[in-house]
Amino acid sequence: MVPVDYYIILSAILFTIGAMGVLIRRNPLIIFMSIELMLNAGNLAFVAFSNMYKSFNGQIFVFFVIAVAAAEVAVGLALIVEIFKTKKNINIDEMNSLKG
Amino acid sequence: MTSELIVFLVLSLVAIAAALGMVFSRNAVYSALFLVLNFTTVAVFYLLLGAPFIAMSQITVYAGAIMVLFLFVIMLLGVDSLAPSKSLPWQKPLAFSLAFILVVESVYLLISRAQPNMVVTAPDIAVNSMDNLREMAMTMFNQFLLPFEVTSVLLLVAMVGAIVLTNREKVGRK
């Protein structure tokens, strides 16, 4: 028997690592991966609470979050490829103009 | 100490190590592979929590589709490791302290709101059978039918958006 608190603590730690990755990395691909990690930590908390309350609603929410993450990744990677085609570089510090 | 707790502790160490490796490795391909490891361990957590359908979708959608897309883009752009730019010297210490504050306050808030002494029940045989999937499908297609359809529209919009974004030059040339 695992206390549900452990899952919540693990989820918080994973979320924080993701947030830290967004703060310290300069590669937009790594920043995207960190965002995926944060979404994943949220999903873990959803499933833990779903098990705790014996309700399926948490798992349904995880399903929607996975769909939103897939959509976000498709659009975001298309943007990164397009920025790379224009600037020949994807350093996040040089993405400072909206109309490049 | 039950076997379930041992599995949880070992896998949580693996998950945290993989997440840290994802953030701190210099090579983007290594980061992607560390993230695949993290997603797989989280899928095992879903199995422990009695959510087999979510665990399988996690592996197929995240570890399969999304990470393959990431690896495609990393190798397409050929930017495995960026040249180190002159970074702000106070950025890392500030990020670490902010992350520490975030983990403390999120753990405190979640724990103080969650009902204490609740344990996660192990998936019994009934949960692992098809009944689980049937119940979940009934909930999704009765109670959550409208959000489900909105999600399909969202995926369509994302697909159209990705095509339009990467196809811009051809449209402009006409």
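1. In this predicted model, the contact between helix α3 of chain A and helix α7 of chain B is built, on the chain A side, from A:F64, A:A67, A:V68, A:A71, A:A74, A:V75, A:A78, A:L79, A:V81 and A:E82. Facing them in α7(B) are B:P147, B:T151, B:L154, B:L155, B:A158, B:M159, B:G161, B:A162, B:L165 and B:T166.

2. Turning to the interface as a whole, 61 residues of chain A are in contact with 68 residues of chain B. On the chain A side, β1 (2–3), α1 (4–24), α2 (28–53) and α3 (57–87) each supply at least two residues, and the largest share, 21 residues, comes from α3(A). The residues on this side of chain A comprise 47 nonpolar, 8 polar and 6 charged.

3. The largest nonpolar core holds 66 residues, and within this core A:L14, A:L44 and A:A48 touch the most other members. As background, nonpolar side chains in soluble globular proteins tend to be buried together.

4. Which residues does A:L14 contact, once its neighbours within four places in sequence are left aside? Within chain A they are A:L37, A:N40, A:A41 and A:L44, while from chain B they are B:A15 and B:A19. Among these partners, A:L44 is itself named with A:L14 as one of the core residues that touch the most other members.

5. B:F39, in helix α2 of chain B, deserves a separate look. B:F39 counts as buried because 22 C-beta neighbours lie inside 10 Å, where 20 or more are required. Not counting residues up to four places away in sequence, B:F39 touches B:Q58, B:Y62 and B:A63 in chain B, and also A:N40 in chain A; A:N40 is likewise in contact with A:L14. Although B:F39 and B:Q58 are 19 residues apart in sequence, their C-alpha atoms are 7.2 Å apart in space.

6. A backbone detail for the reader to inspect is A:K54, whose phi is near 55°, a positive value in a residue other than glycine. A:K54 lies in the loop between α2 and α3 of chain A, and with 8 C-beta neighbours inside 10 Å this residue counts as exposed, so A:K54 falls in the class defined by 12 or fewer such neighbours.

7. Chain B comprises 8 helices and 1 strand, arranged along the sequence in the pattern α-α-α-α-β-α-α-α-α. Buried residues make up 21% of its 174 residues, and, among contacts in chain B between residues at least 6 apart in sequence, 56% join residues at least 24 apart.

8. On confidence, the model scores ipTM 0.91 and pTM 0.87. For chain B the mean pLDDT is 83, with 80% of its residues reaching 70 or more.

Note on methods: Residues are numbered from 1 along each chain as its sequence is written. Chains are lettered from A and ligands numbered from 1 in the order in which they are written. Two residues are in contact if their C-beta atoms, placed from the backbone, lie within 7 Å. Helices (H or I, at least four residues) and strands (E, at least two) are DSSP runs, numbered from the N terminus. Ala, Val, Leu, Ile, Met, Phe, Trp, Tyr, Cys and Pro count as nonpolar, Asp, Glu, Lys and Arg as charged, and the others, Gly among them, as polar. A nonpolar core is a set of buried Ala, Val, Leu, Ile, Met, Phe, Trp, Tyr and Cys residues joined through C-beta atoms within 7 Å. pLDDT is the predictor's confidence in each residue, from 0 to 100.
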